[in-house]
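Hello,

Here is the structure you asked to look at. My notes on it come after the display.

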There are 2 protein chains.
Amino acid sequence: MSTYSVGLDFGTNSVRAVIVRTDNGAEVGAAVFNYQTGEMGVVIDPKDPHLARQHPADYLAGIEATLTGALAQACRRDPDCAGRIVGIGVDTTGSTPIPVDASGQALALQSAFHDNPNAMAWLWKDHTAYKEAAEITAAAKVMHPEYLAKCGGIYSSEWYWAKLLKCSRIDAKVFAAAASWVELADWVPAVLSNTTALDQIERCICAAGHKAMFNPAWGGYPNPEFLASFDNGVLSRVRDTLPALAVNISDTVGTLTPEWADKLGLPAGIPVAGGAFDAHLGGVGCGIRPGAMVKVIGTSTCDLAVAPLATELMDIPGLCGVVPESILPGAYGIEAGQSAVGDIFNWYVHKLRPGGGLDHATLDREAAQLKPGSTGLLALDWHNGNRTVLVDQQLTGVVLGLTLHSSPAEIFRALVEATAFGARMIRDRMTEYGVPVESVINCGGIARKSPMLMQIYADVFNCPMLISSSDQTCALGSAMAGAVVGGAHPDFEAAAAAMTSLDQRRYTPIKANVVVYEQLFQLYKQLHDLFGTTEYAANQFNVMKELIALRELARG
Amino acid sequence: MSTYSVGLDFGTNSVRAVIVRTDNGAEVGAAVFNYQTGEMGVVIDPKDPHLARQHPADYLAGIEATLTGALAQACRRDPDCAGRIVGIGVDTTGSTPIPVDASGQALALQSAFHDNPNAMAWLWKDHTAYKEAAEITAAAKVMHPEYLAKCGGIYSSEWYWAKLLKCSRIDAKVFAAAASWVELADWVPAVLSNTTALDQIERCICAAGHKAMFNPAWGGYPNPEFLASFDNGVLSRVRDTLPALAVNISDTVGTLTPEWADKLGLPAGIPVAGGAFDAHLGGVGCGIRPGAMVKVIGTSTCDLAVAPLATELMDIPGLCGVVPESILPGAYGIEAGQSAVGDIFNWYVHKLRPGGGLDHATLDREAAQLKPGSTGLLALDWHNGNRTVLVDQQLTGVVLGLTLHSSPAEIFRALVEATAFGARMIRDRMTEYGVPVESVINCGGIARKSPMLMQIYADVFNCPMLISSSDQTCALGSAMAGAVVGGAHPDFEAAAAAMTSLDQRRYTPIKANVVVYEQLFQLYKQLHDLFGTTEYAANQFNVMKELIALRELARG
């Protein structure tokens with residue numbers, strides 16, 4: 001009989017628990033809990049659209065509800081299930097820092113702070129700290145440009161230090177009461193193992209490295225003088241609470257306390273793995289490995305890759321993060337993304353509503369009939385700016401090559417192709433800087449629903465497009481971390497071999513299409529560099545001519 | 001009591017006759033005759049989409065039907081009408097050459113040739129001679145580049161010599177039987193005045209100058225050696241039949257014959273003016289004069305301007321024609337046009353069908369609510385190539401600046417603005433080369449139906465947009481020619497003052513809008529030169545940024 005492991009996946013509106021078999025990854029129990037506080041689990045402020053907070057009590061309630069629910073389900077199949085759970089893994093949104101007291105209790109759990117949004121978790125999509133982020137970026141540019149080089153050149157309002165600085169300015173009481181600030185990804189493992197005390201709590205490399213400017217290259221967190229330069233050093237006190245080293249998902253941060261074990265119906269002492277962000281453990285759940293990049297395709301994308309630590313990796317311009325062991329132990333974790341993919345298709349279908357209001361499925365079916373190049377169109381996928389590799393919100397979408405005959409399906413296909421070209425820019429940037437990419441494992445709804453899109457991606461990338469067979473790759477990745485710390489597998493390579501699998505559908509490049517898309521991609525790149533950088537200057541007379549020539553060729 | 005004049009307006013599918021008062025231009029009688037032969041009056045060939053011919057018998061039937069009909073209507077108001085008609089003017093499509101025998105009778109009126117399309121009129125939109133046109137262009141480039149400079153750089157398959165050369169190659173019998181080839185604009189006046197004999201028939205400068213490479217600068221028609229260089233000189237025989245001088249619309253080519261007078265119920269001896277093309281007499285009917293450009297806005301546009309012959313006009317690069325007296329006597333006639341205007345809006349509404357299938361009126365109304373610059377969008381109006389000033393069919397449309405919020409009405413407005421910018425390129429090219437443009441008189445359905453569009457044009461041009469009050473400016477212009485040759489007015493200035501009028505609605509530039517559109521136009525020009533010429537090279541990083549800045553400004 002197989003052992004089991006637990007994955008806890010804290011999303012934006014709900015938390016999910018899964019119990020999976022460690023020998024084959026099969027899910028034997030699952031449950032979801034919707035956060036109760038605020039609007040769909042998010043505390044908002046009608047007067048400030050930037051504000052997004054979450055109540056820590058919801059996290060605690062969610063752990064109990066989902067784990068007991070999942071366990072009940074699993075026990076119906078295997079009554080001995082609880083006794084054979086070897087480990088627990090956790091993934092969460094981030095950067096989602098929580099102000100805590102000296103014992104590690106979230107401030108919002110104290111009655112004095114219970115209803116104060118500033119004392120709650122500052123959810124990843126809270127943008128109230130946009131001014132503070134700009135200040136940090138400006139200071140780093142002058143004092144420590146290397147900090148920015150690791151996070152794509154701009155420190156974001158979504159991230160740790162900006163949120164803390166903001167809180168210090170708008171709510172002195174909360175900031176004074178906070179002995180430290182803990183990322184949700186660190187808080188949950190600490191709570192489960194009662195390691196929340198300031199001198200015990202572990203911080204994971206995923207959150208620290210990507211959001212708190214932690215990097216072994218400069219000895220951990222940002223240098224004290226740098227942080228002290230803001231507002232008379234209010235951040236220094238917090239920095240002093242942060243440990244010198246960070247854990248990764250193969251580290252055990254503690255074991256399940258008797259109290260939690262009791263509450264959940266589990267044996268005490270189960271090891272709890274270091275946490276990580278949802279997308280990163282999603283990559284793990286897809287079976288990410290050196291050479292196999294993972295694309296999570298949703299409204300936007302998260303593009304993940306790993307490269308062995310032995311690789312001499314330079315900074316990669318335009319990539320939001322390169323952090324050792326942030327995804328897999330023993331490998332650099334590399335994170336990138338497109339600001340809009342599904343959102344572009346949703347805009348086209350639901351906002352532009354072409355063809356008298358055609359739906360996704362019809363447009364997809366019609367676009368699938370068209371040959372590469374036959375539309376004569378070329379688009380830029382910048383409707384929501386460009387996150388990677390240009391890191392520029394002030395870029396916009398383009399459709400070029402329109403004629404009096406251009407049809408809704410043709411434009412739809414051009415938009416899909418544009419997202420493929422944008423994705424290839426990321427892949428090419430990675431490989432140019434020494435990150436190997438031989439195949440791509442895709443997950444997310446679009447990857448499963450649109451063979452048209454996947455074939456175009458295979459042809460544009462000229463490499464196989466694989467699809468993860470899991471619908472819940474983040475929760476599966478967390479369970480894999482549980483399996484590794486629980487000893488079911490010696491490492492993530494073994495865990496991936498046993499617990500992850502691919503859909504039977506795989507998309508291999510079609511030679512004739514590859515040739516056409518290579519030509520189109522060169523034109524895309526031309527426009528990409530022309531409108532998106534300041535370095536490239538050239539006349540563009542060739543663009544429309546070449547598109548017409550390709551169109552005529554494709555139409556015979 | 002006023003005198004009257006007759007205007008005969010030969011369109012693509014029908015002929016219209018109007019009888020108007022010479023003192024105020026009021027229409028007192030009108031009738032339309034649909035050509036009977038072929039599909040909607042056009043003889044086509046299911047096997048060759050390039051072929052478009054017309055039966056000359058339809059022209060003759062049309063003269064009789066429309067003139068008697070219009071006269072009957074006019075006589076109901078004024079029983080003495082027929083006796084007070086002072087002149088007849090004629091406008092037609094073109095280049096529409098007709099092969100004729102030595103007496104000037106159209107070959108297709110002979111029973112032997114009655115059903116042979118090659119013996120009929122070769123309608124303006126017949127493109128069977130595309131290879132011949134390319135040969136003529138190539139030869140002229142080497143031997144006489146000045147011929148091309150006057151017609152925008154490319155001799156068209158729609159034009160006189162190309163069609164003759166084609167006929168000589170595909171139908172030797174017809175070509176041998178044709179003593180000469182006469183433009184429809186010349187044939188109708190000659191038929192009415194029985195001046196069809198080869199040594200009598202006058203050729204108008206409008207057709208000769210724009211389509212048959214006639215120019216006083218090189219002594220009239222193309223030099224005999226040049227024409228002799230094609231196919232052993234088959235064109236030379238035709239050239240020998242062409243008179244050395246050309247007439248204009250203030251010239252009388254003859255007087256109405258007793259036979260026609262009888263048939264029509266008119267007195268014999270009424271003077272018949274030299275013919276011209278429909279768009280040109282449309283300009284006259286709008287009241288064109290130096291400083292007042294005319295825009296005929298339909299599916300595409302015809303843009304007309306005149307400049308006094310005393311002006312030292314250089315060749316104007318990219319303009320399809322600059323011909324002395326082709327529009328008004330005593331002035332250079334300048335012709336330009338946009339390949340698609342209404343057609344772009346029709347594509348958007350009927351082919352792309354955005355907004356779930358919104359109609360023109362709704363999009364227009366919603367777009368009218370938007371402030372200049374507020375869309376953040378910039379478009380290129382090249383969905384059907386660019387006729388002026390780039391003369392390039394292989395250009396295509398662009399929409400730039402798209403976001404996830406871009407709406408159907410915003411894109412519609414951007415398309416309208418793009419046509420305004422394209423129109424301004426033409427105006428600017430004219431004024432740069434010494435053709436004065438202080439105001440624009442617009443006619444055509446769109447000009448009358450869309451105040452939104454007209455206001456944008458006024459703001460983009462920074463000059464008043466006026467609207468002709470006539471629905472039938474071509475027929476009115478013809479009647480003005482009749483009035484001038486009939487002595488009712490000494491010249492076209494006087495005729496225009498009396499017989500043309502403007503709509504009460506006029507659109508004057510709004511200062512704040514002018515400022516915004518000037519900035520947008522500079523960006524348009526940047527893209528125009530970048531994609532449409534080979535001369536301009538530059539980085540375009542500024543384009544999206546400036547559009548966003550203008551958008552934020554417009555939205556406050």
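Below is what was found, taken by topic.

Please keep in mind throughout that this is a predicted model.

The contact between the two chains comes first. On each side 51 residues take part, 51 of chain A touching 51 of chain B. Together the chains bury about 4100 Å², and carbon and sulfur atoms account for 65% of that area. Of the area that chain A buries against chain B, 18% comes from Leu404(A), Phe531(A) and Met544(A), more than from any other three residues.

The polar side of this interface comprises 31 residue pairs in polar contact. Several elements of chain A give two or more residues to the side that touches chain B: helices H12 (342-352), H14 (408-432), H19 (511-532) and H20 (541-555), along with strand E18 (397-402). Two salt bridges cross between the chains. In a salt bridge between Lys545(A) and Asp392(B), the N to O distance is 2.5 Å.

Next, the nonpolar core. The largest one holds 152 residues, and Phe531(A) and Phe531(B) have the most contacts inside it. What does Phe531(B) contact, leaving aside its neighbours within four places in sequence? On chain A the list is Leu400(A), Leu527(A), Phe531(A), Gln540(A), Phe541(A), Val543(A) and Met544(A), and on chain B it is Leu380(B), Trp382(B) and Leu395(B). As background, nonpolar side chains in soluble globular proteins tend to be buried together.

Salt bridges over all chains come to 36.

- Asp428(A) and Arg424(A) pair at 3.0 Å, N to O. They sit four residues apart in helix H14 of chain A, about one turn of the helix, and both are buried.
- Asp315(B) pairs with Lys150(B), with the closest N and O atoms 2.5 Å apart. Asp315(B) is in the loop between strands E14 (301-308) and E15 (321-324) of chain B, and Lys150(B) is in the loop between helices H3 (145-149) and H4 (160-170) of chain B, so the pair ties together parts 165 residues apart in sequence. Asp315(B) counts as partly exposed because its relative accessibility is 33%.
- Glu518(B) pairs with Arg424(B), the closest N and O atoms being 2.9 Å apart. Glu518(B) belongs to helix H19 (residues 511-532) of chain B and Arg424(B) to helix H14 (residues 408-432) of chain B, so this pair ties together parts 94 residues apart in sequence. Glu518(B) is partly exposed at 30% relative accessible area, whereas Arg424(B) is buried at 10%.

There is also a network in which salt bridges with shared partners join Glu132(A), Glu135(A), Lys166(A), Arg169(A) and Asp231(A).

Is helix H4 of chain A, residues 160-170, enclosed or open? Nine of its eleven residues are buried, so the rest of the structure largely encloses it. Among the buried ones are Trp161(A), Leu164(A) and Leu165(A), and also Lys163(A) and Lys166(A).

Last, a hairpin in chain B. Strands E2 (residues 14-21) and E3 (residues 27-34) run antiparallel and are joined by seven bridges. Ser14(B) has Asn34(B) as its bridge partner in E3(B). Five residues lie between the strands, and Gly25(B) in this hairpin takes a positive phi near 80 degrees.

Regards

Terms used: Residues are numbered from 1 along each chain as its sequence is written. Chains are lettered from A and ligands numbered from 1 in the order in which they are written. This is a predicted model: local features need pLDDT of at least 70, side-chain atom pairs count only at pLDDT 80 or more; totals for chains, interfaces and linings use all residues. Side-chain values use heavy atoms; hydrogens and water are left out. Two strands pair if DSSP finds at least two bridges between them. A nonpolar core is a set of buried Ala, Val, Leu, Ile, Met, Phe, Trp, Tyr and Cys residues joined through side-chain atoms within 4.5 Å. Buried means under 20% relative accessible area, exposed over 50%, partly exposed in between (1.4 Å probe, protein chains only). Contact means heavy atoms within 4.5 Å. Buried area is the accessible area (1.4 Å probe) that two parts lose on being put together, summed over both. A salt bridge is a side-chain nitrogen of Lys or Arg within 4 Å of a carboxyl oxygen of Asp or Glu. A polar contact is a pair of N or O atoms within 3.5 Å; within protein, one must be able to donate a hydrogen and the other to accept it, and residues adjacent in sequence count only if both atoms are side-chain atoms.
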